[in-house]
Amino acid sequence: MNEIKIIERDPLYVVSKSSVNPKTIRAGKLIVWSSFLLMVFIGLIQALYTFEKINFGFSNWRPLLYSYILWAIAIGYSRVLIYGERGKRNLFIFPAVMFIISIVIFPILFGLYISFSDWNLSSIDGRKFNGLDNFYQMIADPYYWNALKNMIYYILAVLVEFAIAFLLAILLNTQIRGRKFFRIAFLIPLMLSPVAVSWMVGKSMLEQRFGPVASFARWLGWETPTFFSNPEIARLTMMCMDAWTFIPLMIIMLLAGLQALPKEVLEAAKVDGANKWTMFKNIIFPIMLPVSLTTLVIRIIFKLKLADIIIIVTAGGPGGATDSVTSFIVREYRDRSNVGYGTLLSFVYLVIIIIFMTILIRFVSRWLQREA
Amino acid sequence: MKKDLPEKILIYGILILWTFICLFPIYWTATTSFKTAASVTQGLLIPWIDFEPAWKGWKNLGLSPDTIFTESNPREEFLARFFNTAIISSSASALAVILGSFAAYGLSRFNYKFGFMRNPDISFFFLSQLILPPVVLALPLLVLYRELDLLDTHIGMIMIYTLTVLPIVIWIMRDQFNAVPIELEEAALVDGASVWGSFFRVVFPIVLPGIASAFILCLILCWNEYFLAALITSTDAKTMPVMVASQISSQSIKWWNMAAISLALCFPLIVVAIFLERYIVKGMAAGAVKG
């Protein structure tokens, strides 16, 4: 009996010659291995030179980088030599994969190596292995836990931002005049660099004596408006500034979802006499759920990277009340210039993020319309 | 659709209020850059009525009418940073768009198998880079860059910026390519084009608007990036956000200077937003809808 073999067919099916000349296969393997050996050779020379076993070498590790790039190109070219037409197809994703591996996976492995060390970059001593010391130090570091706690507040603030963005998106989607003007105006905060926002809003408009917001607060009856001395208010201020920059992103994504709503359903509901609130609750919101969740997930991803405005406006103060994890790590690194401890902190953060995002995506993926 | 008046007033009221919230900081900064010390401390708002505008902030930057043709060190400095930012962000965006479009096209047209990884896994591998916070890479890369002599170079910055925007490009472009009917390429293949030939001659022109919006989004993100630039650059490749940030933290800086320089940092992107709004919105919306 003949076994039925399922051939996985590409969406774009290309008929091509399947046989490849054995000579070119050998050439392909040859260039990969020779460039690999060249890289190992250069790396070896440089390693010996760095550890002062030999007295000749390069002034830095850059030749190794060049030979690495050469090796990567050789691998790419050898795909074509060895696999022919199939290899050419691999070339579409090969550069991106190789790029990410070189600049993410490799530094992460290297980071694991330095996170168990006490390494002051400016001192001559170089790296000192100190085992789990950094880890114990982290456990006992109240400011790190405080920064993590702040991140929870910052992430919860996303829900409020979402509500505001949803309202504005719905209003933009109604029949209004000058919609293009409003869209551009709403988009502009997203265009501004966080650094500029830090000064424009954080340092100048919120200035206690003559900033317009402070004047406005005084006019409202708050006698001594200070935005950065009380921990709670300082954190709230940072949340507002961050919200101000990123609400446009959410508005645009939600607006795109609203514009894609099926018109017939809305018309039918209107004919059936549904009022605005029931329409929103029973029709718009459920249909918008996938878009809403995608928007929330993306916003949370950006929120997890929150740092710039905090570093510039408050530097984490007062007493760490506004610290995000990133801004805390940067301050740690600048104060103690210990790369090892900073790296360990960031890796712990990465692990927490991965766990959190996995749970979050698992939880919402039921309603998401697309994978990943 | 006909609406009653109170509702209309409410809708326009909220929209105008939010427009005010969005635009007031820019207005405030723009007017501050023309203020003198006295009008800054009084918090005056409207030029010509409250205070007499002067070219104060722009004069110190060397960009006011009477200083524009004279030697000016701050202007040299500013322009150097401006071009650094422009070179780094546009090269990084271009590189990301090239790498990302190829990868997205491959993923939408062919089935790959790398060990246990198949197309969905590879997609996930690319997109998961979005979650990676820059701080995780920052310190190891700082050490690696030091060894490779890439600290404070354009190349080093371009590489790391490319990485930060690459997942976004792949995300946007995958939808774009999925929307192109495969039959078009099949026709080209029948006519004797190669896989790469059909990509460049047939698919590429169709997705050009998508590529433009991905490029603009990348440009915005790279232009505004501060965190990594602050760690990696110091003099040669210093970008504008780093320069502005260092001015903010120095106490002696004058308000009108600061206002002028912040505005100069934002100005290019405000122009982009006004004229290319369509592409920006398209790029972001691609993430939200369609599957």
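This is a predicted model: local features need pLDDT of at least 70, side-chain atom pairs count only at pLDDT 80 or more; totals for chains, interfaces and linings use all residues.
Chain A comprises 14 helices and two strands. Its radius of gyration is 28 Å, well over the 21 Å that the globule rule gives for 372 residues, so chain A is more spread out than a compact globule. The C-alpha trace of chain A extends over about 80 × 70 × 40 Å along its principal axes. Of the 372 residues in chain A, 35% are buried. Among contacts in chain A with a separation of 6 or more, 67% are between residues 24 or more positions apart. The domain assignment separates chain A into domain 1 (22-114) and domain 2 (140-364), and the C-alpha centres of these two domains of chain A are 42 Å apart.

A kink of about 55° is located at A:Leu289 in H11(A), shortly before the proline A:Pro290. The buried residues of H11(A) include A:Ile284 and A:Met288, as well as A:Val291 and A:Ser292. Also buried in H11(A) are A:Thr294, A:Thr295, A:Leu296, A:Ile298, A:Arg299, A:Lys303 and A:Leu304.

Chain B has 12 helices and two strands, arranged along the sequence in the pattern α-α-α-α-β-β-α-α-α-α-α-α-α-α. The radius of gyration of chain B is 24 Å, whereas a compact globule of 291 residues would have a value near 19 Å. Along the principal axes, the C-alpha trace of chain B spans about 75 × 70 × 35 Å. Buried residues account for 48% of the 291 residues of chain B. Of the contacts in chain B between residues at least 6 apart in sequence, 70% join residues at least 24 apart.

Chain B is assigned domain 1 (5-61) and domain 2 (73-288), with 33 Å between the C-alpha centres of the two domains of chain B. In the contact between them, 11 residues of domain 1 of chain B meet 11 residues of domain 2 of chain B. On the domain 1 side, helix H1 (5-32) and helix H3 (56-61) of chain B are the elements that give two or more residues. H3(B) gives the most to this side, with five residues. By class, the domain 1 side of this contact in chain B has four nonpolar, five polar and two charged residues.

B:Arg75 belongs to helix H4 (residues 73-109) of chain B. Not counting residues up to four places away in sequence, B:Arg75 touches B:Leu61, B:Gly62 and B:Leu63. B:Arg75 and B:Trp171, which are 96 residues apart in sequence, lie 39 Å apart in space, C-alpha to C-alpha.

The contact between the two chains involves 86 residues from chain A and 87 residues from chain B. Helix H12 (residues 255-288) of chain B supplies the largest share of the chain B side, 17 residues. The residues of chain B on this side comprise 67 nonpolar, 15 polar and five charged.

Note on methods:
Residues are numbered from 1 along each chain as its sequence is written. Chains are lettered from A and ligands numbered from 1 in the order in which they are written. Two residues are in contact if their C-beta atoms, placed from the backbone, lie within 7 Å. Helices (H or I, at least four residues) and strands (E, at least two) are DSSP runs, numbered from the N terminus. Ala, Val, Leu, Ile, Met, Phe, Trp, Tyr, Cys and Pro count as nonpolar, Asp, Glu, Lys and Arg as charged, and the others, Gly among them, as polar. Domain bounds come from an automatic or database domain assignment. The radius of gyration is taken over C-alpha atoms; the globule rule is 2.2 Å times the number of residues to the power 0.38. A residue is buried if 20 or more other C-beta atoms lie within 10 Å of its own, exposed if 12 or fewer, and partly exposed in between; C-beta atoms are placed from the backbone. The bend at a residue is the angle between axes fitted to the seven residues ending there and the seven starting there.
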